[in-house]
Amino acid sequence: HYVFINDLAKEFPANNLMSLAYLHTSQPPENLHLVHNLYMMYCPISINRGRSFAEDSRSAGMRTTLKNWSKTTENLLFWDYTVQFSDYFSAFPNIHTFQKNYDYLKSAGVKGVFSQGSADIPSHFYELRQYILANLMQNTEINLDVEIKNFIDMYYGNAAVHVLNYFNRLTSNQMNSNSYLDIYDNPVRQIKTFLSPENMSEYNQIILNAEAAVSEDKKMSRRIKD
């Protein structure tokens, strides 16, 4: 596969070609350095999204593969999956990992990132998610906590304090449980971790408080319900 596309790129030196390192092609070729106009996008699916790539021992295989790719091409790109595709509406607390992930990818020699979220179907905290990702794409050194709070304050108005409380409780519960977040996960799998009945009861009360805080504001009420 890679010998073929490398030879193909040699035939068109004035054009840039790109290939995906995905599933059965995810591992880099041995004893082959790819030519300057061939771009490789590494697309790891089966990694934990609940911890940053650099910190989680469960992502060791991905880190090794990324390191090997950086030796094989100077045009290394990364496809980042940022939502849970099997159930968009289910809580998927991974926003806290984005900044560390992009810092790590930059230090690992990645030249560009394609961030895939949800499209026609909104995902959990998708407005905040898009805002943070867009800012990190421009500058990985932003103050993440400040930007999260700024957005929630602007977007949720008088309910912001409750939404931020919900966001922080959900995130801390996931981190404390060290649960594995898979992009094809099922919320039932987290019933003993951050989506336990006890935690769900707490989240529900926080959301009720948020709804009450903006009960007279139709726009904000809709945003809380969404």
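A: The model is a predicted one. Of the contacts in the chain with a separation of 6 or more, 70% join residues 24 or more positions apart. Leu 17 and Tyr 39 illustrate contact across the sequence: they are 22 residues apart in sequence and 6.0 Å apart in space, C-alpha to C-alpha.

Q: What does Leu 17 touch, not counting residues up to four places away in sequence?
A: Leu 17, which lies in strand β1 (residues 17-21), touches Leu 8, Ala 9, Asn 37, Leu 38 and Tyr 39 on that count. Contact here means heavy atoms within 4.5 Å.

Q: Which pattern does the chain follow along the sequence?
A: The chain has eight helices and four strands, and their order is α-β-β-α-β-α-β-α-α-α-α-α.

Q: What makes up the contact of α5 with α6, by class?
A: From α5, the contact is made by Ile 148, Lys 149, Ile 152, Asp 153 and Tyr 156, and from α6 by Ala 160, Val 163, Leu 164 and Phe 167. By class, these are seven nonpolar, no polar and two charged residues. Lys and Asp count as charged, whereas Ala, Val, Leu, Ile, Phe and Tyr count as nonpolar.

Q: Why does Asn 31 count as exposed?
A: Exposed means over 50% relative accessible area. Asn 31 has a relative accessibility of 83%, and therefore counts as exposed. This residue lies in the loop between β1 and β2 (38-42).

Q: Why does Phe 125 count as buried?
A: The cut-off for buried is under 20% relative accessible area. Phe 125 has 10% relative accessibility, so it counts as buried. Phe 125 is found in the loop between β4 (112-116) and α4 (126-138).

Q: What makes the phi of Phe 125 worth noting?
A: Most residues other than glycine have a negative phi. Phe 125 is not a glycine, yet its phi is positive, at about 55 degrees.

Notes
Residues numbered from 1 in each chain as written. Predicted model: local features only at pLDDT ≥ 70, side-chain atom pairs only at ≥ 80, totals over all residues. Heavy atoms only, no water. Helix = DSSP H or I, 4+ residues; strand = E, 2+ residues; numbered from the N terminus. Buried < 20%, exposed > 50% of the residue type's maximum accessible area, 1.4 Å probe, protein only.
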